[in-house]
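Keep the sequence and the 3D view open beside you as you read.

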Amino acid sequence: MQSKMKLTSIDLIKIIESPKNREILQAFHSRSFLKGEVLASPGGKENHVFILRSGRARIYLSSPSREFMLSILSPGDIYSTHTRATCRALEDGSMYVCPVRDFKKIAAEHSEFTMTMVTVLGELLSGSFAIIDGFAFRDTELRLTLFFYEEALLSGVDMDDGRHLELTLTVEQIAQIVGASRQMVSTLLNNMYKSGLIERRGRGKFFIPDMDRLQAAAQLPL
Ligand code: HEM
């Protein structure tokens, strides 16, 4: 994953704690948390905005079988309790908490809060894109690998310490079979050539150096 560079280096904690911003500090209350504590979870009744003062927290989507990591909050980052994601402390720390209705006014008057929100939301979006990408590609990649494995098994010929396969299908037709776009199948095929899973030996001609490896890549038990 790309290294995460903060768009802004605004220190919201300094702003909140500055003597000239007493009205901001009054809207927030401070609380501490322990490593592993859930700071926000889907379906939570509270509607709060919070700003980490110390410690870091992980934001992830949780399904019964898996977790999908979205982002990590660091001190100065802002988040809320009204999302479908869970936020869990990675270490002991503390935060400033404020009801959303009071926060609206503060955000309207101090652009630093909105700018930090944009940064945090941007990171969440980037995490969400990565998850969508993973789903879309991984799924198609498996179907494509399985397609080649089955074709090689059914109509391939053992030769030169590997298996030769001739296909009369175009990339467009293969894409239709595996239910993906032609561009995606092209990209995935190129990845397979690069990794040596399949070699291209001319139009519609393929060589599979190691059927066991292809079988494993298709996630079929050997
Ligand atoms: C003035 C403060 C805020 C107000 C008035 C506000 C309001 C809202 C509203 C009305 C929704 C739609 C809820 C729904 O679909 O049921 C929402 C969703 C959301 N908000 Fe906020 N919000 C505020 C602050 C924040 C902050 C500080 C963050 C994080 C940086 C945030 C992150 C999100 C996210 C990620 C969602 C999508 C939730 C989901 O669908 O799972 N919000 N917000």
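**An open sheet, and how to read the model**

Four strands line up in the order β9-β10-β12-β11 as an open sheet with antiparallel pairing. Its edge strands are β9 (157–159) and β11 (199–200), and each of them pairs on one side only. Please keep in mind that this is a predicted model: local features need pLDDT of at least 70, side-chain atom pairs count only at pLDDT 80 or more, and totals for chains, interfaces and linings use all residues. Residues are numbered from 1 along each chain as its sequence is written.

**Terms for strands and helices**

- Helices (H or I, at least four residues) and strands (E, at least two) are DSSP runs, numbered from the N terminus.
- Two strands pair if DSSP finds at least two bridges between them.

- β11 and strand β12 (residues 205–208) run antiparallel and are joined by two bridges.
- Look for Glu199, which stands opposite Phe207 in β12.

**The β1-β8-β3-β6 sheet**

- Another open sheet has four strands in the order β1-β8-β3-β6, with antiparallel pairing.
- β1 (29–33) and β6 stand at the edges with a single partner strand each, so one side of each is left without a neighbour in the sheet.
- From one strand to the next, the twist averages 35 degrees (axes are lines fitted to C-alpha atoms, for helices over the stretch in contact, and angles run from 0 to 180 degrees between N-to-C directions).
- Strand β3 (residues 48–54) and strand β8 (residues 93–99) pair in the antiparallel sense over six bridges, and His48 stands opposite Pro99 in β8.
- α3 packs on the sheet and touches β3, β6 and β8, while its direction makes about 90 degrees with that of β8. Two residues are in contact if their C-beta atoms, placed from the backbone, lie within 7 Å.

**Strands around β4**

- Strand β4 (residues 57–62) pairs with strand β5 (residues 67–73) in the antiparallel sense over six bridges, and a hairpin of four residues joins β4 to β5.
- Ala57 has Leu73 in β5 as its bridge partner.
- β4 also pairs with strand β7 (residues 86–89), antiparallel over four bridges; here Ile59 stands opposite Cys87 in β7.

**Around the ligand**

- Which residues come nearest to the ligand? Of the 15 around it, they are Ser80, Thr83, Arg84, Lys104 and Val120; a residue is near a molecule or strand if its C-beta atom, placed from the backbone, lies within 6 Å of it.
- β6 (78–80), α3 (100–109) and α4 (111–155) each supply at least two residues of this shell.
- By class, the shell has 10 nonpolar, three polar and two charged residues (Ala, Val, Leu, Ile, Met, Phe, Trp, Tyr, Cys and Pro count as nonpolar, Asp, Glu, Lys and Arg as charged, and the others, Gly among them, as polar).

**A helix pair**

- Helix α5 (residues 171–178) and helix α6 (residues 182–194) pack at an angle of about 100 degrees, with their axes 8 Å apart. That makes α5 roughly perpendicular to α6, a label for angles of 65 to 115 degrees.
- Val171, Glu172, Ile174, Ala175 and Val178 in α5 meet Arg182, Val185 and Ser186 in α6.
- By class, this contact of α5 with α6 has five nonpolar, one polar and two charged residues.

**Confidence**

- The chain has a mean pLDDT of 90, and 95% of its residues reach 70 or more; pLDDT is the predictor's confidence in each residue, from 0 to 100.
- Over residues 1–5 pLDDT stays under 50, and the model has two contacts beyond four places in sequence for them.

Methods
Angles under 35 degrees count as roughly parallel, over 145 as roughly antiparallel, 65 to 115 as roughly perpendicular and the rest as oblique.
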